[in-house]
Amino acid sequence: MTEKQSTIQRHISLGDFEGAIDSSISLYNLPIDVSKVSIGQPSDSGARAETTNQGEIILTNGVITNGAIGLVSTLAHEAIHLDQLYNGRWYSDNDDFGEDLNEVEAYDWVISNAEELELSPLEIESNKNQRTDYYNKLPDSIKTNVDNGIYTIDYPVVPTPSSNSSKFTPI
Ligand SMILES: [Zn+2]
C-alpha cells in the first residue's frame with residue numbers, strides 16, 4: 001500500500017468516512033467539491049456511485065469500506081461525470097447510448113491515469129471489464145470515434161448548471 005493509500009485507509013479503519021473522502025480528493029488532486037459528496041443510495045440500486053444532474057456525488061458505504069483504491073478509482077470516475085455535466089456532454093436519459101458513451105469516457109480516463117491514481121492491477125482489470133461492457137453497447141460509428149479519442153455526440157444535451165470545471169490532471 002502506498003503512503004497516500006495508507007492515509008486514506010486509516011480514516012476508513014477508524015470509521016471516519018468523511019475523512020477518507022476528503023483525503024482521497026486532496027491527495028490525488030481530484031476536482032471535486034467535498035461538500036457535494038454524500039454517502040447514500042444511488043438511484044440505480046445496483047450502482048456503487050452516482051453523479052446527479054445537480055453535480056452531487058453519492059457513494060454507497062460499500063465503496064468506502066472496500067478500501068482506498070476503490071474509493072479513489074470511484075471518485076476519479078465520478079469526477080469525469082462532473083466534467084461531462086459542466087462541459088456539455090450530459091446526454092438525456094432517453095437517448096440510445098449517450099450514457100454508455102459517458103461511461104466509456106469515465107472508465108477510459110481512469111484506466112489511462114491508473115498510475116497517477118495508484119490503482120492496483122485488480123482495480124485496473126475491473127475498470128477495463130466494465131469499460132468493455134459499455135463500449136460493446138455503442139454503435140460502430142461511435143466506437144470509431146471513441147477509438148480516436150472523441151467522446152462527444154450530436155445529441156442535444158440536457159441543460160446543466162454552469163461551472164468553471166475542466167478536465168484535470170491528478171498529481
Ligand atoms: Zn459512471
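**Notebook: a first look around the chain**

I began with burial: 33% of the 171 residues in the protein chain are buried (a residue is buried if 20 or more other C-beta atoms lie within 10 Å of its own, exposed if 12 or fewer, and partly exposed in between, with C-beta atoms placed from the backbone). I kept in mind that this is a predicted model, where local features need pLDDT of at least 70, side-chain atom pairs count only at pLDDT 80 or more, and totals for chains, interfaces and linings use all residues. Residues are numbered from 1 along each chain as its sequence is written.

**Entry: the elements.** I found seven helices and three strands in the protein chain (DSSP runs numbered from the N terminus, helices being H or I of at least four residues and strands E of at least two). Their order from the N terminus is α-α-β-β-β-α-α-α-α-α.

**Entry: the core.** Next I looked up the largest nonpolar core, which has 37 residues (such a core is a set of buried Ala, Val, Leu, Ile, Met, Phe, Trp, Tyr and Cys residues joined through C-beta atoms within 7 Å). Among the elements that each supply at least two of its residues are α1 (3–13), α2 (17–27), β3 (57–59) and α4 (68–86). The largest share, 10 residues, comes from α4. Ile32 is one of the residues with the most contacts inside the core. I listed what Ile32 touches, leaving out residues up to four places away in sequence: Ile25, Val37, Ile57, Leu75, Ala79 and Leu82 (two residues are in contact if their C-beta atoms, placed from the backbone, lie within 7 Å).

**Entry: α2 against α4.** I then turned to this helix pair, whose axes come within 10 Å and cross at roughly 65° (axes are lines fitted to C-alpha atoms, for helices over the stretch in contact, and angles run from 0 to 180 degrees between N-to-C directions). Ala20, Ser24 and Ile25 of α2 make the contact with Leu71, Val72 and Leu75 of α4. On the α2 side, I noted that Ala20, Ile21, Ser23, Ser24 and Ile25 are buried. Their cover includes α1, β1 (37–39), α3 and α4. Just after α2, Asn29 has a positive phi of about 55°.

**Entry: Thr65.** Last, I visited Thr65, which sits in helix α3.
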